[in-house]
Amino acid sequence: MITARKSIFIKTYGCQMNVYDSARMADVLEPHGYRQVDTPADADLIILNTCHIRDKAVEKVYSELGRLKKIKQAREADGRGSMLIAVAGCVAQAEGEEIQRRAPAVDLVFGPQTYHRLPDMLAEVRRRGKVIDQDFPVEDKFDCLPEESASQGPTAFLTIQEGCDKFCSFCVVPYTRGAEFSRPVAAILAEARRMVIRGTREITLLGQNVNAYCGVAPDGGNWRLGRLIRALAELEGLDRIRYTTSHPQDMDDDLIAVHGDVPTLMPYLHLPVQSGSDRILEAMNRKHTVDSYRRIVDRLREVRPDLALSSDFIVGFPGETDADFVGTLKLVTEVTYAQAYSFKYSARPGTLASVAGKQLPEAVKAERLEALQQLLGAQQMAFNRARLGQTMPVLLDRPGRKAGQLVGRSPWLQAVHVMAPSQLFGSICDATIQDATTNSLAGVLISSPPEMSASAAEQTRAT
Ligand code: SAH
Ligand code: SF4
Ligand code: F3S
């Protein structure tokens, strides 16, 4: 094994699955002497872990590659040694050859399913120059990955499912990530246990369609997501569970019931709907209607009345009329969201929607996006303001910008700023909310966890 110290800079784009994958790439390279650095200029190896979902996401990657080429040239001209540039993730999977053509400084291109082979790929680059690996290999990469080498912190991601068989007509994910695949229950429980031992208190289960999860269980059967969450809830020290991203079609009865039965499953759900028009939902191949979506939301709120919702929306899908768009605004008004992501439709190569239906002018998309974002922004602000005066448990998971400040997460995934001694990092404390903006809350701590020392408790009261 090569153990000379080398440095690696990883930049991550896109969804949480990429965040998880980047951490695992660092795990794979760590035994080979790679240590992570914060700037590309100091790195022997640069990995851009990329996203292909919209045109803009892809263009960002190419402009970053332009900047990196200059850094690489400057480094080599100064005699500071060579620098390898690698492109990973969904752009790599979708357009490997194109990357080589547009950005010849790139040495290595590999998709989301092969990064367990990174050390071999790097050796091959050194031996014979450029490498492109876009395999969907038969081996399960999770079986080949080393155990996580570092803690992700008090809140962590755990990928349990990958890929997508839904083929929404606008989306590249089924092509970049491949078919749906679920990791076995035992592997997930073991990884969760290791995370908790390292200090993680909140785990977000990840998958492109996480609630399509159907994994082999130790009892020989297949478990769906609800059953898996019930098992995770038994893990001592795991105080909070979340999952994302889910598809309305896969919200089965047991999963809905779990929201009522498992108190550690947080009362916040990202459930993308995309549009409030049945006609558009059908053209999107979403396999649900506005009404079936609304019924799922009602059932979830019945079992968990404090459940807050988040969603994704696309405006300006081909053929979307004013009336269709009004349907979306109406749905948003009826459901009310705590938070949401909304996007202008972006035509993606190889997808059905990019060739069928009438593409809408940019100006119409921009106008609709503005109207939708105003409504969603007002709902987010109202949701946050409704917390004023409430006391809630906050998981303090990162330092704040001000000295003596920590930032945490509310049960509803809001950022909560509090003045708190650093010893409280990683603990769950009660805070009373005193201020609310569209993007965050601020509060004061009113209790300290039992494990906290008397002097730290004293400091908290003083702040
Ligand atoms: N699997 C998830 C989301 C995957 S992508 C789901 O089914 O909901 C995240 C979001 O990006 C999607 O929910 C959608 O709102 C948006 N998106 C995907 N393709 C897009 C496109 N071509 N143009 C604009 N937005 C898109
Ligand atoms: Fe894309 Fe649809 Fe699959 Fe989500 S369900 S990843 S939007 S194809
Ligand atoms: Fe982007 Fe790939 Fe995630 S396209 S949204 S990084 S699955």
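Ser 311 stands opposite Ala 340 in strand β16 (helices, H or I of at least four residues, and strands, E of at least two, are DSSP runs numbered from the N terminus). Six bridges join β15, residues 308-315, to β16, and the two run parallel. The model is predicted: local features need pLDDT of at least 70 and side-chain atom pairs count only at pLDDT 80 or more, while totals for chains, interfaces and linings use all residues. Residues are numbered from 1 along each chain as its sequence is written, chains are lettered from A and ligands numbered from 1 in the order in which they are written, and side-chain values use heavy atoms, with hydrogens and water left out.

β15 and β16 belong to an open sheet of three strands, in the order β14-β15-β16 with parallel pairing; two strands pair if DSSP finds at least two bridges between them. β14 (268-270) and β16 (339-344) are the edge strands, each with a single partner, so one side of each has no neighbour in the sheet. On average, neighbouring strands here are turned by 10° against each other, direction ignored. Axes are lines fitted to C-alpha atoms, for helices over the stretch in contact, and angles run from 0 to 180 degrees between N-to-C directions. Helix α14 (residues 362-385) packs on this sheet and touches β15 and β16, contact meaning heavy atoms within 4.5 Å. The direction of α14 makes about 175° with that of β16.

In total 15 residues surround ligand 1, the closest being Phe 170, Gln 208, Gln 274, Asp 312 and Ser 346; a residue is near a molecule if one of its heavy atoms lies within 4 Å of it. The shell divides into six nonpolar, four polar and five charged residues. Here Ala, Val, Leu, Ile, Met, Phe, Trp, Tyr, Cys and Pro count as nonpolar, Asp, Glu, Lys and Arg as charged, and the others, Gly among them, as polar.

Oxygen atoms of ligand 1 lie 2.7 Å from a polar side-chain atom of Gln 274 and 3.1 Å from one of Arg 54. A polar backbone atom of Phe 170 is 3.0 Å from a nitrogen atom of the ligand. Taken alone, ligand 1 exposes 530 Å², of which the protein buries 90% (Shrake-Rupley method, 1.4 Å probe).

Phe 170 is also among the residues around ligand 2, which include Cys 164, Cys 168 and Cys 171. That shell has seven nonpolar, two polar and two charged residues. Gln 208 is one of the residues around ligand 3, together with others including Cys 15, Cys 51 and Cys 90. The shell around ligand 3 has four nonpolar, four polar and one charged residues.

Note on methods. A polar contact is a pair of N or O atoms within 3.5 Å; within protein, one must be able to donate a hydrogen and the other to accept it, and residues adjacent in sequence count only if both atoms are side-chain atoms.
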